[in-house]
Amino acid sequence: MITQALIIWLLPLLAFTIQIFVGKRLPRKGDWVSVSAIGISFMLSIMLMIQMFMAYDPEFAVTAAMPWIETGNFAIPLGIRLDNLAIIMLMVVTTVSFLVHVYSMGYMAGDQYYNRFFAYLSLFSFSMLGLVLWDNLFGIYMMWELVGICSYLLIGFYFTKDSAANAGKKAFITNRIGDFGFLIGLLIVFTTIGSFNFSAIHEGVSSGLLSGGLLTAAGVLLFAGAVGKSAQFPLHVWLPDAMEGPTPVSALIHAATMVAAGVYLMARLSFMLSFDAMLVVAYIGGFTAIFAATIAITQNDIKRVLAYSTVSQLGYMIMALGVGSYMAGFFHLVTHAMFKAGLFLGSGSVIHAMHHSMHKLHLHEDPNDLRLMGGFKSKMPVTYATFLIFTLALSGIPFFSGFLSKDAILGGTLAFAMSQHNPIHFLLPVFGFTAAMITAFYMFRLVIRTFYGKPVRPEIYEHIHESPKQMTVPLMVLAALSIFIVYTLPSFNPTGAAGGWFDHLIQHPHSAVSAQLGHDVLHIDHETEHLAHISGIIISILVAGLGILLAFFIYYWKKADHTRIAQSIRPLYLLSFNKYYFDEIYQATFVRGLLAWNDLLNWFDAKIIDGIVNLSATVTRVFSAVSGLFDLHIVDGLVNGLANVTSLFGNGLRKIQTGQVQNYILGALLGTVLIIIISLI
Amino acid sequence: MASFYIALLFLAVGFLLVGLTVLFSRLLHPRINYPEKNLTYECGIIPEGESWIKFNSRFYVIALIFLIFDVEILFLFPWAVVFEELGLLAFVEMFIFIVILLVGLAYVWVKGDLDWIKPRPELAHLPKEKGK
Amino acid sequence: MNNLESLQFFIPELFLTAGLLVTIIVELLLKKEQKVFTAYLAATVLLITIFFLIRQYAIEPAALFGGMVVIDPMAVFFKILTAVSTLIIVFFSIPSFRVKAEYYVLLLATTLGMMLMAQVNDLLMIILAMELVGLVSYVLAGYRRSDPKSGEASLKYILFGAASTGIMAFGFSYIYGLTGQTNLFEIQQALQSTQHNPVILFVAFVLIIAGLGYKIAMVPFHFWLPDVYEGAPTPVTAFFSVGPKAAGMAVLIRFIISIVAGVSADGQTFTANAPIHAQELLAVLAVLTMTLGNLSALQQKNIKRMMAYSSIAHAGYMLMALAVFTSQSVEAVMFYLVVYMFMNFGAFWVIHRMTPHLGSEEITAYTGLGYRAPLVAVAMGVFMFSLTGLPPLAGFIGKFYLFAAVIKAEWYILAVLGVLNSVVSLYYYAYVTKVMFLNRGDDESAVSISSYDTALLLVFLIPTLVLGVYWVPVISWATQSLHFFLG
């Protein structure tokens, strides 16, 4: 199994190496190299899945390690860990990545940097798979940075466009902030426990090597990394801008896999989160869920709506992990990866069609703009049908995968709130349910404005065509993977994941913190859980239905004019439309602040430091004039410093090298004699 | 230490004898100078040109090759003397030694270093010799 | 062990000798346009030799041929290292020496000499092996017969080499006079059993160090090096900078562990044999070597000359570690040589292939290369930074182990001086990178390189990168090889 996992991991790296060096010269610009590499990885992942099902054991885990860095008492082994979590995650990554590779063959066809795109995709797949496989935080940190770099490269893929280059930079810098926290957390763990390995950390936390406030701090700091990568509030600003990258990239990196890395990390680390740290995680997740959802309502760019929806859904997952619903959070990660990748690829299909149509008409308008679409249902039947399935899944409608996972999360938050004595924690389920309603609303707004009704611009509509097979087939596959039954087998219950394989295989790991304290920090009894689950189902169906109805009411039947509504709550509308002015706030505070600080330092440097230097030079000069012994030449020589002295030495030494061999031999002999004489004295 | 004195004695006697010979000849020989006497070859051959002339570098090559095979012979002598005691192994060893040297001989042969008059290299930039 | 029994441990050398002879004969039979075949033949011979050498991995130490040479894992390490470096040099040389087939024969002969140097155990054998390497090196340095610089380099090398060997032989005669032995372990025992005049021992030691120091370019026996490196054909220069230097290090290590210091049975602790302050002397020479190398390199305008001085500096770093006489330091030097091989060959390969395109060996000729040949320039940048010792490149790990060994032995001042030297070296290495990327030259035409060039470049680039992040196999190989023949 380990060999299989290694092959899965390293094949994309091989493909990357081939692509980057000789890709351009290969037939078809070498896309088949990347596609077949990830294809083989995908098949091998399926084989791993089968092996996992054969074992069908929640505790299933295989680990392997070899020495990597070893110096004295400091050792970091190179290890991978294959457990149910990792295998399912491998499956998700390879599936989406493979489909996106196939899709890109159609979407990116004819691009100038076609081979480079595939090279980056391969590098990304490699680093993402590595992130999943490593059994220690250090390795994860390396891969974490590597996926960040790939994301940066791919966002800025159309680097000639200013907005794309800027979005890349923004993503990179915003992530740095989170990663800095991650790094500090990493160091706290390492200095207290002395290892990066998960099992060692588990033992260390259980035995109390890392405890109390420091444990909470470590948990929150490590979470900071996840906040950056999974675009949680307040570091969410980069993800919507990241939509400047090609759409397949948005689907793969910014919807399905990389942004889920934060969630995956928190899932891996959930055993070491103290109760306080969990609360921080839960509230940030919950707030992000509702906060991003409210922005998504007013956006007009089809990809931006999806981007904010991603941020919101990631918030759900984070919230689930925060309230201890480990399985629900990870479950939502998996289902969301499938249907959100599908939504992005579907929107890519629409944009592709828009782009070609506009290209024919020589229009220079935004192909992403919702307001130019409408009625595409009949022109793009496959895209429409699959898009609808994904939307239903995302809205949490029964019989689709999203319902199962979202319901598990909502039930989990409700159970958490009910088991706590503090009523304020009911905020979390309230966030959750409200966000669910808004999600249903904005998703159907999107569907209705794109596919239903009359075409807004008939001339564009005329030239809309269904996308090629490479693009529609992945959509159909992903649609199939958004049906509930994929996740509930062997049970056929559409209302809950309980009894299904996923529920069986992914179980909450034993909390190391509880072991340390001697009691379970999060004890939820069975009755509460059951009650929460039932009420969760009912409420979530209700709110989702309400959201959909509202969407149809406004946008399909046009019972109310949406511009009038916007007008009547104009301040709120503007707030949402401008994303709560976060970019502007950051610009005004951090960026300006930094620039001002920079100016200050500059001024300090120019006035004070130079002043001191000038003063000292003047003093020296005066001194030299007075004493009459120091000549200006020597003073300058001293001021100019070591560099000159060094080069002077160099010059002197160069003169020794006369080019006369007799001098050389004489030098060597004299040297020998000199050594003997000096040492004998 | 006594043996050192003997050596010293020999040294002294040696210096003395040489010194005496030179001294005696200096005292006894007649001093008559005429131009023929100062020639390089007193027997009458008149030297041509300077004595600082360029030697053909081929002499050195030949000398080197000669040296190599000379040393080979030098090795063969002691080997031949005790050959019977050493037996087959020594024969094989010497065989290998000679084979290695033969490779060297073959090399210089093929490269034309054994020919006194080496074929003139046909280089494009050299002018053709006149009259040929 | 007697001569016949020894032969079974001598298979690589025997094979190499046979291969050498076959190569000479084959060369004679080939037509001029087929002569490049000799290079492939030589490569094959080396490859098979390396295969035989690898089979000697983790061999039990033993003395061969009546104690003239020994075989132990350390010898095998250096033998593999030198053979691999020659193998690389064969491919390095193919573009420039297509018809000069004797060249490859000479390379094979040097390899034989270097392999012997790795396993010498007798004063006479030291001279013999070093002269074998030396004599062939003189010819190699002067190989470009039409170039007067090359001839000058060769002549200087011969004269300097002869003088150094003479000094060393003089030192050997002292040792022989004191102990009446030529075998290193007999000498060691003689030194331990009876008290000798430390002054005479020290003089002998200095004289021997002078001879060995010439081979590894230790100050003040380095004078020949810049001129020879500049004058010799670039492949030969690259070859000199690694192979013979590694072999010289092997002799020095062998000399230290057998005569200067004794090694405990487990190979971990070194104890000084005679009260002669050899460590202090080596430390001072190491500091002088790296300082002089780095400071002189600062002023160089010719990139080959700069690399020559840089190679002196690197010899200084290695000597610095050797001076502390611990098993870690020997291990660090062995590891560093492996790393140094890749990064230095890489730098020389870039210089070698770029000189015809750039028309000059001046550093300024590299201006704007980053825009003309991105891959080559990036690789050159990697080699330069690796030579400086910046993470995450192989050179950093190599230096890390060197300094770690010195610090662990608590020679802090030595370590600080070494680090300061590294900082100085950053200047001239980074300067090359700077002119390649930050400046733009007049000529902006793209430089295209053949796929052969790219392939060989990758052979150097990939280990330089990989060994910077995953070096455990090499370091553990070095650790395994710290197993000496101890009499």
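**Close-up views of a predicted three-chain model**

**Figure 1. Helices α11 and α13 of chain C pack side by side in this predicted model****.** The axes of helix α11 (residues 234–260) of chain C and helix α13 (residues 303–322) of chain C come within 12 Å and cross at roughly 15°. Here an axis is a line fitted to C-alpha atoms, for helices over the stretch in contact, and angles run from 0 to 180 degrees between N-to-C directions. The crossing of α11(C) and α13(C) is right-handed, a term used if the near helix is turned clockwise from the far one by less than a right angle, with left-handed kept for anticlockwise. On the α11(C) side, look for C:Thr234, C:Thr237, C:Ser241, C:Lys245, C:Met249, C:Leu252 and C:Ile256. They meet C:Lys304, C:Ser311, C:Ala315, C:Met318 and C:Leu322 of α13(C). Two residues are in contact if their C-beta atoms, placed from the backbone, lie within 7 Å. By class, this contact has six nonpolar, four polar and two charged residues (Ala, Val, Leu, Ile, Met, Phe, Trp, Tyr, Cys and Pro are nonpolar, Asp, Glu, Lys and Arg charged, and the others, Gly among them, polar).

A note on reading the views: residues are numbered from 1 along each chain as its sequence is written, while chains are lettered from A and ligands numbered from 1 in the order in which they are written. As this is a predicted model, local features need pLDDT of at least 70 and side-chain atom pairs count only at pLDDT 80 or more, whereas totals for chains, interfaces and linings use all residues.

**Figure 2. Helices α2 and α4 of chain B form a roughly antiparallel pair****.** Helix α2 (residues 58–81) of chain B and helix α4 (residues 88–110) of chain B have axes that come within 11 Å and cross at roughly 170°. That makes α2(B) roughly antiparallel to α4(B). From α2(B), the contact uses B:Ile65, B:Ile68, B:Glu72 and B:Trp79; from α4(B), it uses B:Ala90, B:Met94, B:Leu101, B:Gly104 and B:Val108. Sorted by class, the contact of α2(B) with α4(B) has seven nonpolar residues, one polar and one charged.

**Figure 3. Chain B follows the pattern α-α-α-α along its sequence****.** You will find four helices and zero strands in chain B; helices (H or I, at least four residues) and strands (E, at least two) are DSSP runs, numbered from the N terminus. Buried residues make up 0% of its 132 residues. A residue is buried if 20 or more other C-beta atoms lie within 10 Å of its own, exposed if 12 or fewer, and partly exposed in between, with C-beta atoms placed from the backbone. Chain B averages a pLDDT of 80, and 87% of the residues score at least 70; pLDDT is the predictor's confidence in each residue, from 0 to 100. Among the elements of chain B, helix α1 (residues 2–28) has the highest mean pLDDT (89) and helix α3 (residues 83–86) the lowest (83).

**Figure 4. Chain C touches chain A and chain B****.** The contact with chain A takes 29 residues from chain C and 24 residues from chain A. On the chain C side, the elements giving two or more residues are α7 (148–179), α9 (198–216), α10 (224–231) and α12 (278–298). That side divides into 23 nonpolar, four polar and two charged residues. Toward chain B, four residues of chain C are in contact with five residues of chain B. This side of chain C has four nonpolar residues, no polar and no charged.

Figure 5. C:Glu5 sits in helix α1 (residues 3–6) of chain C and is exposed, with 11 other C-beta atoms within 10 Å. C:Gln480 belongs to helix α20 (residues 472–480) of chain C and is partly exposed, with 15 other C-beta atoms within 10 Å. Leaving aside neighbours within four places in sequence, C:Gln480 is in contact with C:Ala58 and C:Pro73.

Notes
Angles under 35 degrees count as roughly parallel, over 145 as roughly antiparallel, 65 to 115 as roughly perpendicular and the rest as oblique.
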